[in-house]
Amino acid sequence: MQVYLIGSGPFDPDFFKGYVERQKVAHNDSETAFVGVDLGAKQLLDMDFPIDLAVGDFDSIEDKVYQQVAKKAASIEKLEPMKDETDTEHALGSVADLYPNARYHLFGMLGGRVDHLLSNLWLIYQERFAPIIDRVHLVEENNAVSFLRPGQHQVDRLKEMKYLSFVAMTPITGLTLKNVVYPLDNYQMPTPLALISNEFLPGQNTMKIAFSNGLILAIQARD
């Protein structure tokens, strides 16, 4: 199952629509859920997508728009403005409970306010999201971010992206990269570094990454 969480930040609606269709084909999976996070609920309205769940304090939308959201949404979780977590954190926790085996695609989470961006990237540090974090993807038309915990992983090429970068969020032990232009074998990283602008090998649509300790952001990007 594919779950799409739409946040308040900017993204290209046409890219989003195409991405949804490509994910259906890539995973042979037509089961989807669409979740509007605060202003993201309005963005789903504007794109004429269903709203399976709307989450937020909705301080970013006018009351008449909220009424439209309330009418269309299958379910709403209206939050207090003063709380100890962001709307996105609450929404991700909710969908993890509702759809525990899904892949989670977060749009509108990379642009806009820098503090929102950092808060979304810092999801990797929260232990409550550890069981699902390797299935969480932050996506927009020029960037796609995945979260990696220790172990062996396969990264699949997104055809619209060119570059492949690995940003360490902690010191890293035993980093190995295979099937990329700049491979590594058991590399030790005592200080977090950003290894940017790598690429998949020509003709290869997957690569392998493994490490024994630490946290990494895997980023596919294009100019």
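Tutor: Let's begin with H153, which touches L148, M207, K208, I209 and F211 when residues up to four places away in sequence are not counted. To touch, or be in contact, here is to have heavy atoms within 4.5 Å. Before going on, please keep in mind that this is a predicted model, where local features need pLDDT of at least 70 and side-chain atom pairs count only at pLDDT 80 or more, while totals for chains, interfaces and linings use all residues. Residues are numbered from 1 along each chain as its sequence is written, and side-chain values use heavy atoms, with hydrogens and water left out.

H153 lies in strand 8; helices (H or I, at least four residues) and strands (E, at least two) are DSSP runs, numbered from the N terminus. H153 counts as buried because its relative accessibility is 16%; buried means under 20% relative accessible area, exposed over 50%, and partly exposed in between, with a 1.4 Å probe and protein chains only. The side chain of H153 also reaches the backbone oxygen of R149, at 2.6 Å.

Now let's step back to the domains. The domain assignment of the chain, which is automatic or taken from a database, gives domain 1 (2-141) and domain 2 (148-221). Their centres, taken over C-alpha atoms, are separated by 26 Å. Where they meet, 12 residues of domain 1 are in contact with 10 residues of domain 2. The size of an interface is often given as the accessible area lost when the parts come together. Here, the area buried between domain 1 and domain 2 is about 950 Å², with carbon and sulfur atoms giving 69% of that. R22, I124 and Y125 supply 46% of the area that domain 1 buries against domain 2, more than any other three residues. Buried area is the accessible area (1.4 Å probe) that two parts lose on being put together, summed over both.

The rule finds 2 salt bridges across the interface of domain 1 and domain 2, a salt bridge being a side-chain nitrogen of Lys or Arg within 4 Å of a carboxyl oxygen of Asp or Glu. Between the two domains the count is 1 residue pair in polar contact, both at pLDDT 80 or more. On the side of domain 1 that touches domain 2, helix 1 (residues 13-26) gives the most, with 3 residues. The residues of that side divide into 8 nonpolar, no polar and 4 charged. For this sorting, Ala, Val, Leu, Ile, Met, Phe, Trp, Tyr, Cys and Pro count as nonpolar, Asp, Glu, Lys and Arg as charged, and the others, Gly among them, as polar. A polar contact is a pair of N or O atoms within 3.5 Å; within protein, one must be able to donate a hydrogen and the other to accept it, and residues adjacent in sequence count only if both atoms are side-chain atoms.

The structure holds 10 salt bridges. With 28% relative accessibility, R22 counts as partly exposed, whereas E160, at 17%, counts as buried.

D48 and K72 meet through their side chains in a salt bridge (3.4 Å, N to O). D48 is in the loop between helix 2 (39-47) and strand 3 (53-56), and K72 is in helix 3 (residues 63-72), 24 residues apart. D48 counts as exposed at 62% relative accessibility, and K72 as partly exposed at 32%.

The side chains of D57 and K83 form another salt bridge (2.9 Å, N to O). D57 lies in the loop between strand 3 and helix 3 and K83 in the loop between strand 4 (76-78) and helix 4 (87-98), so this pair ties together parts that are 26 residues apart in sequence. D57 counts as buried at 9% relative accessibility, and K83 as partly exposed at 28%. Salt bridges that share partners join D57, K83 and D87 into one network.
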